[in-house]
Structures are given as C-alpha cells and as structure tokens.
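Q: Could we go through this structure together? I would like to begin with the fold and then turn to individual residues.

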Amino acid sequence: NRRDIAMTSPVEMNYDGLGEPGTTKPTGWTMSFLYRTRELGPEGMDPKDDRILVEDLPPVTVVAIGMRGPYKLDRVKTGLATLRGCLASQPEWEEAGKSRALFYNGPEVRPRDKWLEVQLPVRRR
C-alpha cells in the first residue's frame, strides 16, 4: 500500500441507515482500517487518493456483542437487535450514535470460525 502499513485488525464497517425504522438494508457503507498508534500515518486526506481520510476520533462508550460466524449483514443486524433489546432494559443508558461492526479475521479463516463484534454507542440519560 502507499503508506507501507500492514493490514490492520479489526476492520470497521459502518452501515448507513442500518436499524432505522422501516429499513432492511443500509443505504451505503464505509470501511475503516484502525491504526494502533498515531505514528502509523498523518491525519488528513490522502493526497494521492481522495477516498482515503485518516482521522483521530474521540473515545466512545459502547455496548457490544461478540459473535462467531460468517461476516454477513444479517449477523450484524442480529447483533444490533440484541444490543437494542439489552439497552431497552437499562433505563439509565440511551443510544448515542451509529452502530458499527468490527471484523477480526482475514480470508484465510473459515467463515464459521470468524469473530465479529457489533457495537452501539451509548451515553447516560
């Protein structure tokens, strides 16, 4: 790659509109590669590819669920429904942003053995 950075894990997937009332499919998606340290690359737009933006995001509090199995949108939706069900029983917390999925394994791992995590940002009411 252009920055000499190895493939990172996890890969973050953000699905626009996922979980909104009446939707069954996202309206779009974004894939992010998570850097472990700031020293891996400068922030900002990549001067050679305007589809690449490197940014440092603030910390976020999430409720999360880990699952084993294939990386499919239905699995992400199942995890999100479980998280929202758990959150409904916790009156001191509320949803506070877009959900995301984290995929931890590469293509060499069998689909049934892959590990994924679904996260939902939360905040105290």
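This is a predicted model: local features need pLDDT of at least 70, side-chain atom pairs count only at pLDDT 80 or more; totals for chains, interfaces and linings use all residues.

Q: How many helices and strands does the protein chain have?
A: The protein chain has one helix and eight strands.

Q: And in which pattern along the sequence?
A: The pattern is β-β-β-β-β-α-β-β-β, read along the sequence.

Q: What box do the C-alpha atoms fill?
A: Taken along the principal axes, the box is roughly 45 × 35 × 25 Å.

Q: What share of the residues is buried?
A: Of the 125 residues in the protein chain, 27% are buried.

Q: How about contacts between residues at least 6 apart in sequence: what share joins residues at least 24 apart?
A: That share is 62% in the protein chain.

Q: What does Val 76 touch?
A: Leaving aside residues up to four places away in sequence, Val 76 touches Tyr 15, Leu 18, Ala 101, Phe 103, Leu 116 and Val 118.

Q: How many aromatic pairs are there in the whole structure?
A: The search finds one aromatic pair. Its members are Tyr 71 and Phe 103, whose ring centres are 4.3 Å apart and whose planes meet at 20°, so the pair is stacked.

Q: Where do Tyr 71 and Phe 103 lie?
A: Tyr 71 is in the loop between β5 (62–68) and α1, while Phe 103 is in strand β7, so the pair ties together parts that are 32 residues apart in sequence.

Q: Which state applies to each, buried or partly exposed?
A: Tyr 71 is partly exposed, at 23% relative accessible area. Phe 103 counts as buried because its relative accessibility is 11%, and the cut-off for buried is under 20%.

Q: Changing topic, where is Lys 48, and is it buried or exposed?
A: Lys 48 sits in the loop between β3 (44–46) and β4 (49–54). Lys 48 counts as exposed, with 68% relative accessibility.

Q: How far is Lys 48 from Thr 23?
A: Lys 48 and Thr 23 are 25 residues apart in sequence and 36 Å apart in space, C-alpha to C-alpha.

Q: What about Pro 91: where is it, and is it buried or exposed?
A: Pro 91 belongs to the loop between α1 and β6 (93–95). Pro 91 is exposed, at 59% relative accessible area.

Q: Finally, where is Val 60 found?
A: Val 60 is in the loop between β4 and β5. Val 60 is partly exposed, with a relative accessible area of 48%. The C-alpha atoms of Val 60 and Gly 17 are separated by 20 Å, and these residues are 43 residues apart along the chain.

Definitions and conventions. Residues are numbered from 1 along each chain as its sequence is written. Side-chain values use heavy atoms; hydrogens and water are left out. Helices (H or I, at least four residues) and strands (E, at least two) are DSSP runs, numbered from the N terminus. Buried means under 20% relative accessible area, exposed over 50%, partly exposed in between (1.4 Å probe, protein chains only). Contact means heavy atoms within 4.5 Å. Rings of Phe, Tyr and Trp (its six-membered ring) pair if their centres lie within 6.5 Å; planes under 30 degrees apart count as stacked, over 60 as edge-to-face and the rest as tilted.
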